Amino acid sequence: MNYLADSNRYAEMMYRRCGKSGLKLPAISLGLWHNFGRTDNLKTCRDILTCAFDNGITYFDLANNYGPPPGSAEENFGKMVSDNFKAYRDELVIATKAGYTMWNGPYGDWGSKKYLVSSLDQSLKRMKLDYVDIFYHHRPDLETPLEETMSALDLIVRQGKALYVGLSNYKTTEGVKAMTLLHRLGTPCIIHQPKYSMFERWVEDGLLELLAKEDVGCIPFSPLAQGMLTDRYLNGIPEDSRVAKGVGFLTPDHLTPDRIDTIEKLNHLAIERRQKLSQMALSWILKDRRIPSVLIGASRTQQVLDAVHCLDNMDFTSDELNKIESILK
Ligand code: NDP
């Protein structure tokens, strides 16, 4: 199907440099962890992707195991890129990862060179691409020598299969070792992908400082705590929500009365700021200049549009910041 991107797509989006690399990222990036697998509606997937690109979102985040079943998000994305986005490949930053279990046996998981190189070859085939823009090691592997994992990332770049490399879920001490090795190999880590939201603050305990010192960009995942930092669950559990679908890690027991009470208070504050809660949660992360982009998920186009419009109100007064902290206590 022919798709003609909006000619104004770069007008409103903010682009920020990722660490000290040459790569600029949109402040809002889109991930395909949920809602893009074989069980999802391909037309909705296409609508979300085109809506994102039409609004200046250029970074699309995948991993070998996204689905379900694993691999199917890359397959669907490959279909959509070859059907709709072929003319725009040079305007897209496409990322994938390997690190979690992808196939049976000793070579389908963790961080060996054998696994990482084979996995990326499979991802490229599924996505019908010659290269990805960013390849991440998805999680640290405490058994494989870090030297081997990092030299696999370096090899992949030298082979032309990825332009840049990144790390995900590495804690501060593991991160510094990995970044030093990559630096020595001549393939610097340009980006780190940790979980970070108002509800998940561990990165404030050293990781963000490290990334600033090493000039590595931070792209937080699940900035909306998988949908909890929105108005989605304020009146029960909608049938079409991530919690109700039961396909991931967000379960009804996350929505305790205390949590709902916190979400309600945050929601009131967001309304006072003339924003949706989802938008306030994203602006709150993006106020930190060490973070070039936040990585959202979306099950419909309106959620993409909501996220993009968080950029309309990025400033917080110190009173608002204090209120947020006291609500979160
Ligand atoms: P979010 O925290 O942004 O959650 C997305 C979900 O929130 C949506 O699917 C939707 O849920 C809900 N939502 C979004 N916008 C709104 C809105 N405006 N109003 C109401 N509800 C809304 O991120 P994800 O958890 O999806 O993660 C984002 C990306 O991060 C992933 O796709 C992946 O690329 C990456 N990631 C990386 C990981 C890693 O280990 N490196 C791990 C996890 C994610 P609903 O479906 O109910 O509509």
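The shell around the ligand in this predicted model comprises nine nonpolar, 16 polar and four charged residues. Of the 29 residues around the ligand, G31, W33, F221, G227 and G297 come nearest. Two elements, strand 10 and helix 10 (301–308), each supply at least two residues of this shell.

Strand 10 also belongs to a sheet. That sheet is open and has eight strands. Their order is 9-8-7-6-5-4-3-10, and the pairing is parallel. Strand 9 (217–218) and strand 10 (294–296) stand at the edges. Each has a single partner strand, so one side of each is left without a neighbour in the sheet. Elsewhere in the order, strand 5 (residues 93–98) pairs with strand 6 (residues 132–137). This pairing is parallel and runs over four bridges. Within it, A95 stands opposite I134 in strand 6.

Several helices pack against one another. Helix 3 (residues 113–127) meets helix 4 (residues 146–158) at an angle of about 30 degrees. Their axes are 9 Å apart. Angles under 35 degrees count as roughly parallel, and helix 3 and helix 4 are therefore roughly parallel to each other. Their crossing is right-handed. On the helix 3 side, the contact is made by K113, L116, V117 and L120. Helix 4 contributes E148, S151, A152, L155 and I156. By class, this contact of helix 3 with helix 4 has six nonpolar, one polar and two charged residues.

Helix 4 also packs against helix 5 (residues 172–185). Here the angle is about 50 degrees, and the axes are 9 Å apart. Helix 4 and helix 5 are therefore oblique to each other. Helix 4 passes helix 5 in a right-handed crossing. The contact is made by L146, E147, M150, S151, L153 and D154 of helix 4, together with K177, A178, L181, L182 and L185 of helix 5. The residues of this contact of helix 4 with helix 5 divide into seven nonpolar, one polar and three charged. S151 of helix 4 takes part in the contact with helix 3 and in the contact with helix 5.

A further helix pair is formed by helix 8 (residues 257–272) and helix 11 (residues 318–328). These helices pack at an angle of about 170 degrees, with axes 9 Å apart. That angle makes helix 8 roughly antiparallel to helix 11. Helix 8 contributes T262, K265, L266 and L269 to the contact. The helix 11 side consists of E320, K323, I324, I327 and L328. By class, the contact of helix 8 with helix 11 has five nonpolar, one polar and three charged residues.

Most residues other than glycine have a negative phi, and most peptide bonds are trans. The peptide bond from G67 to P68 is cis, with omega near -5 degrees. A cis peptide bond also joins P68 and P69, where omega is about -10 degrees. P68 is found in the loop between strand 4 (59–61) and helix 2 (72–85). P69 lies in the loop between strand 4 and helix 2 as well. D215 is not a glycine, yet its phi is positive, at about 60 degrees. D215 lies in the loop between helix 6 (207–214) and strand 9. Strand 9 is one of the edge strands of the sheet.

Methods. Residues numbered from 1 in each chain as written. Predicted model: local features only at pLDDT ≥ 70, side-chain atom pairs only at ≥ 80, totals over all residues. Pairing = 2+ DSSP bridges. Axes fitted to C-alpha atoms, helices over the stretch in contact; angles between N-to-C directions. Parallel < 35°, antiparallel > 145°, perpendicular 65-115°, else oblique. Left-handed = near helix turned anticlockwise from the far one by under 90°. Contact = placed C-beta atoms within 7 Å. Nonpolar A, V, L, I, M, F, W, Y, C, P; charged D, E, K, R; others polar. Near = placed C-beta within 6 Å.
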